[in-house]
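Let's take a friendly walk through this structure, one stop after another. Have the sequence and the 3D view ready as you read.

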Amino acid sequence: MMSEEPSQNVIMLTFNDKGIYCAQAAIYIDPWAPVDKAIITHAHADHARFGSKHYLCHRDSATLLKLRLGPQTSIQCLGYGEEIDINGVKVSLHPAGHIIGSAQIRLSYKGEVWVVSGDYKLERDGISTPFDPVKCHHFVSESTFGLPVYRFPEAYEVERDMLNWIDNNRKANINSLMVGYSLGKAQRIIEVAGKTGLPIYAHGAIVNIQQRLIDDGHRLHNVAYASADIKKIPAPYVVVMPPSALHSSWMKKFAPYEVAYCSGWMQLRGARRRRNVNRGFVLSDHADWSQLNLAITATEAENIYVTHGYKSIYAKWLREQYHLNAIEVDTLYEDDLLMQEDRDESIQ
C-alpha cells in the first residue's frame, strides 16, 4: 500500500472543456484544445494536438511531436523516472508500453498522487519500453477494449500467423499488403516482416515516421518508399500501409496481392469481412480485458477515472468486482479504428 495519505482538501486534477487540468501547476495533460502548457502522454494525434504554446513529453516522443506539430514547436523533454517540480507539483513520466515514447504521467502534491495513463498495454512488443505500474491514489485509465470478449492471443502466436501468411503469399508469388496505424502498429508489422527476408516497402506516412525513429537511434528495419516505380519490381514483397490507404487507387500498383488488417478489433466476428480484406491479425497497442484489470489493480488506487472506450460498462465492472470508486469521464480521445458497428457487435 502507499505510505503517504493525501490531504482531504486536495483535488489534484479536474476535467474540463479543454482536457485534464492540474490547477496548482497550471498545466493540462493531453489537452484537446490549445493551452499554454501541455504534458503529452504519447505522439498519437488524438493525444498530441496542435496549438498549445509549450509541450512536455518523453524524449522519445519529441521528434514525433515536431514531425506532427511543426519543427518550431516548444518542447521540454524528460526521461522515464526523471522528476521536475512545477509550482510544488512533482511531475514524472513512467513507461506506458503503448508505443515508442509513450508515458504515464505521475503528479504528486501534498501527499496526493494521481497517474494519467494515456493509452497503454502490458504486452511486451520488443519496441516500446514495457509498461511499469505506478502506485497512486487516483488512476485515469483508458478502456478501449474494456469488455471480457477482448482477450488477445499471445504475441508469439500472432507473429507466427503473420509469418505463415506472408510465406504462403510468397509461395503463391503474390505481394503481402499489411494495414496498421502509421505510428505504433506499423513499426511492429515491419519488425515481423523483416524476419522474412523479403523486400519491405511502405506508404510515405510510415516511411517518414520510421526514418525519424531510426535517426533518433531506435534499432528498427529500414523501409523503402512504395513509389510508382514499384510496378517494375516483381513479386513477392511486403507493403505496409495506413488504414487511410485501404481500397484506394494507390494499391493498384502492387497487384497481385492479398491484404491483411492488423488491429485488436480483428478479434471481433465479422470485422475482417466489413473491411473487405483477406486476413485479420489481432495486433493491438492497447490493453485487453485482462491487462486492464491487472494494470488497475497493480496501482492500488481506490479512485479510477475511465476514459475512452467502453467506459460505462468497464467503470461498472470495477465498482462491482473490485469495489473501487470508478467513474466514467468524457474525453475527446479517439480509439484506433473504433467503429460503431464493432462496438454494437461486441456487446451482443
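The sulfur of Cys136 has its closest cysteine sulfur in Cys22, 15 Å away, which is too far for a bond; a disulfide is a pair of cysteine sulfur atoms within 2.5 Å. Cys136 is buried, because its relative accessible area is 1% (buried means under 20%, exposed over 50%, partly exposed in between, with a 1.4 Å probe and protein chains only). For Cys77, the closest cysteine sulfur belongs to Cys57 at 4.7 Å, again too far for a bond. Cys77 has 35% relative accessibility, so it counts as partly exposed. By this rule the count of disulfides is 0.

A word on the model: it is predicted, local features need pLDDT of at least 70, side-chain atom pairs count only at pLDDT 80 or more, and totals for chains, interfaces and linings use all residues. Residues are numbered from 1 along each chain as its sequence is written, and side-chain values use heavy atoms, with hydrogens and water left out.

Next, find Gly19 in strand S2, residues 19-22 (strands are DSSP runs of E, at least two residues, and helices runs of H or I, at least four, numbered from the N terminus). Gly19 is buried, because its relative accessibility is 0%. Leaving aside neighbours within four places in sequence, Gly19 is in contact with Thr14, Tyr28, Pro31 and Trp32, where contact means heavy atoms within 4.5 Å. Thr331 is 312 residues from Gly19 in sequence, yet their C-alpha atoms are 7.2 Å apart in space.
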